[in-house]
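Please keep the sequence and the model at hand while reading.

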Amino acid sequence: MVHNTLPNGKSATANRTRLCKVDDVVEGNPVAVNVPGVQPLAAYRVGDEYFVTDNVCTHAYSLLTDGFQDGEMIECEVHGGTFDIRTGSATGFPCRTPLKTFDVVVADGWISVISPDSDDQ
Ligand code: FES
């Protein structure tokens, strides 16, 4: 078991949910992750870092993994709204509501998140 402390001080071992293999996530090709009991998630690579957000666009229903990644920006394929993958901020019209983001742990070749089913982030 890996014991890491995240920048926010949370223990990386608390409520960790394994999502997908690191090698499956290539920059420009985000991966849709469906874990039973958890909302659809998207895993991204930006440079040497990995990020996880909700996968459903906050404007209307569309999976962001069907959109277009350009660096740290993900563009929704339906109306062209954009989000910052790192922060979840809505950066392009018509999106106004930010995406939920998750604390990511990379260990043993896997990408995991902390408490993906929690609403307290
Ligand atoms: S559904 Fe994503 S921008 Fe409209």
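Two strands pair if DSSP finds at least two bridges between them. Helices (H or I, at least four residues) and strands (E, at least two) are DSSP runs, numbered from the N terminus. This is a predicted model, in which local features need pLDDT of at least 70 and side-chain atom pairs count only at pLDDT 80 or more, while totals for chains, interfaces and linings use all residues. Residue numbers start from 1 along each chain as its sequence is written.

- A residue is buried if 20 or more other C-beta atoms lie within 10 Å of its own, exposed if 12 or fewer, and partly exposed in between, with C-beta atoms placed from the backbone.

**Strand E4**
- In E4, 5 of the 6 residues are buried, so the strand is largely enclosed by the rest of the structure.
- E4 runs antiparallel to E3, joined by 6 bridges, and Tyr-44 has Phe-51 as its bridge partner.
- The E3–E4 hairpin has 2 residues between its strands, and Gly-47 in the turn has a positive phi of about 65°.
- Antiparallel E9 (residues 101–102) is joined to E4 by 2 bridges.

**Strand E11**
- Because 4 of its 5 residues are buried, E11 is largely enclosed by the rest of the structure.
- E1 (residues 16–21) pairs with E11 in the antiparallel sense over 5 bridges, with Lys-21 opposite Trp-110.
- E10 (residues 104–107) also pairs antiparallel with E11, over 4 bridges.
- The E10–E11 hairpin has 2 residues between the strands, and Asp-108 takes a positive phi near 55°.
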